[in-house]
Structure formats: C-alpha cells, structure tokens
Amino acid sequence: MSGVPARRSMLSGDRVNRIHWIPGTDQLRAVCHCSAERDFEDPVQLWEWLLSHPDGHDTPPPTVRDVAPSSDRRQEVTIP
Ligand SMILES: [Zn+2]
C-alpha cells in the first residue's frame with residue numbers, strides 16, 4: 001500500500017483502547033484494554049461498549065492482577 005505511513009509502535013498500558021477497521025467491511029473491531037474484543041458496525045455503539053467497561057464484557061480473559069478471591073466487582077448503575 002502506498003501513502004500509508006509506517007506503523008508506529010503502539011501504545012501500551014492498562015487503559016489503552018484500540019479500534020481496528022476491518023478492511024472490506026463496514027465493521028469496526030474494538031479492543032479494550034482488558035483485551036476483550038467485539039465487532040461493531042456503529043461507532044457510537046463501539047464507544048459505548050468500550051467506555052462502559054466492564055459492562056458488556058461477557059468473556060473477560062483472566063489476568064494475573066484480577067485474581068483476587070472473593071472480590072465482588074458488581075457495579076450498580078443508577079439511571080437518572
Ligand atoms: Zn474491557
């Protein structure tokens with residue numbers, strides 16, 4: 001591909017969200033900082049999903065830091 005700048009090193013960290021466009025489709029793939037992935041067609045829904053972490057993350061991968069026994073991470077959301 002011409003005109004595409006060389007890939008730079010990606011950011012890394014605990015709060016980095018990434019969005020990949022899937023070439024040839026209208027799909028966008030959101031990759032959360034917790035490494036959950038989900039495909040969207042609507043960028044608005046994509047951002048809502050990303051920013052509402054961990055809501056909607058149905059299959060969070062286990063991470064070493066998250067191994068805390070008896071940690072109830074239930075969130076209560078109050079909708080005005
Ligand atoms: Zn997440």
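I began with S35, which is found in the loop between strand 2 (28–31) and strand 3 (37–40). Helices and strands here are DSSP runs, numbered from the N terminus, a helix (H or I) having at least four residues and a strand (E) at least two.

I note that the model is predicted: local features need pLDDT of at least 70, side-chain atom pairs count only at pLDDT 80 or more, and totals for chains, interfaces and linings use all residues. Residues are numbered from 1 along each chain as its sequence is written.

**Entry 1**

I looked up the backbone of S35 and found a positive phi of about 70 degrees, although S35 is not a glycine. For comparison, most residues other than glycine have a negative phi. Is S35 buried or exposed? I recorded S35 as exposed, because it has 11 C-beta neighbours inside 10 Å. The scale calls a residue buried if 20 or more other C-beta atoms lie within 10 Å of its own, exposed if 12 or fewer, and partly exposed in between, with C-beta atoms placed from the backbone.

I then examined the strands on either side of this turn. Strand 2 and strand 3 form a hairpin with five residues between them. The two strands run antiparallel and are joined by four bridges; strands pair if DSSP finds at least two bridges between them. V31 has E37 of strand 3 as its bridge partner.

**Entry 2: the other hairpin**

**Entry 3**

I listed one helix and three strands in the chain, in the sequence pattern β-β-β-α. The three strands form an open sheet in the order 1-2-3, with antiparallel pairing. Strand 1 (18–21) and strand 3 stand at the edges with a single partner strand each, so one side of each is left without a neighbour in the sheet. The twist averages 25 degrees from one strand to the next; axes are lines fitted to C-alpha atoms, for helices over the stretch in contact, and angles run from 0 to 180 degrees between N-to-C directions.

I also checked where helix 1 lies. Helix 1 lies across strand 1, strand 2 and strand 3, running at about 10 degrees to strand 2. Residues are in contact if their C-beta atoms, placed from the backbone, lie within 7 Å.

**Entry 4: after helix 1**

Which residues does the cis peptide bond join? I found it between H53 and P54, with omega about 5 degrees. P54 lies in the segment after helix 1 (43–51). Most peptide bonds are trans.

D58 lies in the segment after helix 1 and counts as exposed because it has 8 C-beta neighbours inside 10 Å. The C-alpha atoms of D58 and A36 are separated by 8.7 Å, the residues being 22 apart along the chain.

**Entry 5: chain totals**

I recorded that buried residues make up 4% of the 80 residues in the chain. Among contacts between residues at least 6 apart in sequence, 12% join residues at least 24 apart.

Technical notes: Contact = placed C-beta atoms within 7 Å.
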